[in-house]
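My notes are in the order I took them.

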Amino acid sequence: MEAPAALSDSNDYSSCVSNGDTLSNDSFKPPNVVALNRLSENLGSLFLSPDFDFCADARILVPPSSSGTASREIPVHRCILSARSPFFRSIFSTAAEANPAKEKGWKIELKELAKDFDLGYDSLVSVLTYLYSGKARPLPDGVCICVDEKCSHVACRPAVDFMVEVLYGAFTFQITEMVTLYQRHLLDIIDKVAVDDILVILSVASMCDGACERLLNKCIETVASALAKSDIDTVTLEKTLTQDVVKKIIDCCSSLGVPRESIAFPDKHVKRILRALDSDDVELVRMLLKEGHTSLDDAYALHYAVAYCDSKITTELLDIGLADVNHKNTRGHSVLHVAAMRKEPKIIVSLLTKGARPFDLTPDGRKALQICKRLTKSLDYKPTKECMATPKDRLCIEILEQAERSEPLLGEASESLAAAGDDLRSRLLYLESRVSLAKILFPMEAKVAMDIAQVERTSPLPLVANSKLTPGNQSMPMDLNDAPFKLKEEHLARLKALSRTVELGKRFFPRCSAVLNNIVDDDELSELANLETGSWHDRETKKQRFNEIQNIFTKAFIEDKQENDRSTASAISSSSSSTSIRAQSRLMRK
């Protein structure tokens, strides 16, 4: 019965990244080690190779990820998982008792296994690989690497996320030796992890009910030290961690000689403002401000809204006009720095359009763009041919890159509108068509621009050609081509919102705007915005043209991205060369 212990991973972290022992070295090992390695390889191939899918008798269903990947199924074998994990033994035995006649086709939702924790596909595969083979899987490509080329990728957020997900999975599935292994990995890098990312580790370690006591205590000590130096604030702790963990951190501060009264806690009036923001009640915030006890900047209300509230709350606070969009909190972070951590495109664009400075630095010398890059997995950022769905993380980086490259393009949309026609009717038709087509070609970018421009507050106007109304827009039975065209208040509101949408598109999504400018004329815009109208032949022709435009956009996107990557690589070539030389020197010394 000692086999499971013998199969447990005794490798250090470097062995997890290597390919392991090869058969050519077997002659130098004791026979029992050779046999156990062979057993590990055979069981591992049973899980990793699709050749054995035919003998799988259960499947774990993984839901779609936030980065746009589709749902997936992982075939597994109940007998192996039950033998290796008491957790799975309980899951499958309970299911068998509930339905004894069911022998094949067991399907289990990942959320039933991981509960409320977001366990990723790659992390789950790593845990399952360990159950089958007894060895830690090599780190998956692109999963533990961030987008920042200057990062060593030892302790950036993607690496931390992967490790804590595997740690949580190992704890949940009751794989004690794997919990010990990944606790050691995290302890090895804890001094290199950013304090905000340590909160992620601390949160998971606290879920493990004593199984990660060393890791938990180390994180508490590190965060307490950061709190004493104002590198973290109590509001962030209270929003991220449970009350008992926050109390342990405060108590740890006392043990470090930091009196409780020296720790900055928000006063009662600030707490009321923050609670009002939590309730999405901006009117209550206005009333509290009139009392005069504190200001939005004193309460760091904009920082709070950007970090924790709905994007509409950020917009409404900005509209009040009483908050400094470049104000820095006690940690030296601007509102845009906090938005880069949140990684919500709509919020980032809102701040930039209000004058947020993309070049402002944190106390440790990072811009918002670098913060965002350090938080983004390389796998989620690489451009693909699937241009219809742009992951949010990549979109945030592109917006910040564009903000650093150029100033606002004031008035450019007005020139485009003038080229579309001299009268308001032509302008309105042009804008409706252009924005409608943008929504089809690149929906996420269009949604960001439309939300900031508050298009949803205006009434959509039907695109009418030859007395045919656009499907779905039957609420306003009028033809903009009718003469005389009478400009109404709703027309002006719509015109202003759509114009703003085009301006934002040209500023933050220049590739998208260039496609519409260069390959689509006014008449074609109107036609392509209505793909389902006309005869069958007309519809097929328009769809073919739409696909051509989509392919051109994809090619332009990838070429532009490659050009940006080359520019970035050139800018850091000297530092990369010196880093490579230092790395080679270290290897030679070893």
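What follows are my entries, starting with the ground rules.

**Ground rules.** I'm working from a predicted model, where local features need pLDDT of at least 70 and side-chain atom pairs count only at pLDDT 80 or more, while totals for chains, interfaces and linings use all residues. Residues are numbered from 1 along each chain as its sequence is written, and side-chain values use heavy atoms, with hydrogens and water left out.

**Whole protein.** I counted up the secondary structure and got 30 helices and 3 strands; these are DSSP runs numbered from the N terminus, H or I of at least four residues for helices and E of at least two for strands. Of the 590 residues, 47% count as buried. For burial I use relative accessible area: under 20% is buried, over 50% is exposed, and in between is partly exposed (1.4 Å probe, protein chains only). The protein exposes about 29,900 Å², and carbon and sulfur atoms supply 52% of that; the areas come from the Shrake-Rupley method with a 1.4 Å probe, and for residues only the protein chains shown count as cover. I also checked contacts, meaning heavy atoms within 4.5 Å. Among those with a separation of 6 or more, 70% are between residues 24 or more positions apart.

**Ring pairs.** How many aromatic pairs does the structure hold? I find 7. My rule is that rings of Phe, Tyr and Trp (its six-membered ring) pair if their centres lie within 6.5 Å; planes under 30 degrees apart are stacked, over 60 edge-to-face, and the rest tilted. F47 and Y132 count as stacked, because their ring centres are 4.8 Å apart and their planes are at 20 degrees. That pair links distant parts of the chain, with F47 in helix α3 (residues 31-48) and Y132 in helix α7 (residues 121-133), 85 residues apart. F47 is buried at 8% relative accessible area, and Y132 is buried at 2%.

Next I looked at F87 and F173, which make a tilted pair: 5.2 Å centre to centre, with 40 degrees between the planes. F87 is in helix α5 (residues 86-98) and F173 is in the loop between α8 (157-172) and α9 (176-189), so this pair ties together parts that are 86 residues apart in sequence. F87 is buried at 14%, and F173 is buried at 1%. Ring pairs also join F87, F88, F92 and F173 into a cluster.

**Charges over rings.** The charged end of R72 sits over the ring of Y121, 3.7 Å from its centre. K239 has its charged end over the ring of Y308, 5.2 Å from the centre.

**Helix α10.** This helix (residues 195-207) has 13 residues and reaches 19 Å from its first C-alpha to its last, close to the 18 Å expected at 1.5 Å a residue; the expected span is 1.5 Å times one less than the number of residues. Is α10 largely enclosed or open? It is largely enclosed by the rest of the structure, because 10 of its 13 residues are buried. Among the buried ones are V195, D197 and I198. Their cover includes α8, α9, α11 (213-228), α12 (234-240) and α13 (243-255). After α10 comes D209, with a positive phi near 50 degrees.

**Annotated stretch.** An unreviewed UniProt entry puts "domain: C2HC NPR-type" on residues 143-157; such annotations may be inferred rather than shown by experiment, and I give the positions in the numbering used here, with feature names shortened. Over residues 143-157 the chain is 7% helix and 0% strand, and the end C-alpha atoms are 10 Å apart.

**Loop spots.** H153 has a positive phi of about 65 degrees although it is not a glycine. H153 lies in the loop between α7 and α8 and is partly exposed at 24%.

T294 is in the loop between α15 (282-290) and α16 (301-308), and at 12% T294 is buried. Leaving aside neighbours within four places in sequence, T294 contacts H269, V270, I273, L289 and A299.

F265 is in the loop between α13 and α14 (268-278) and is partly exposed at 33%.

Methods. A charge sits over a ring if NZ of Lys or CZ of Arg is within 6 Å of the ring centre and within 35 degrees of the ring normal.
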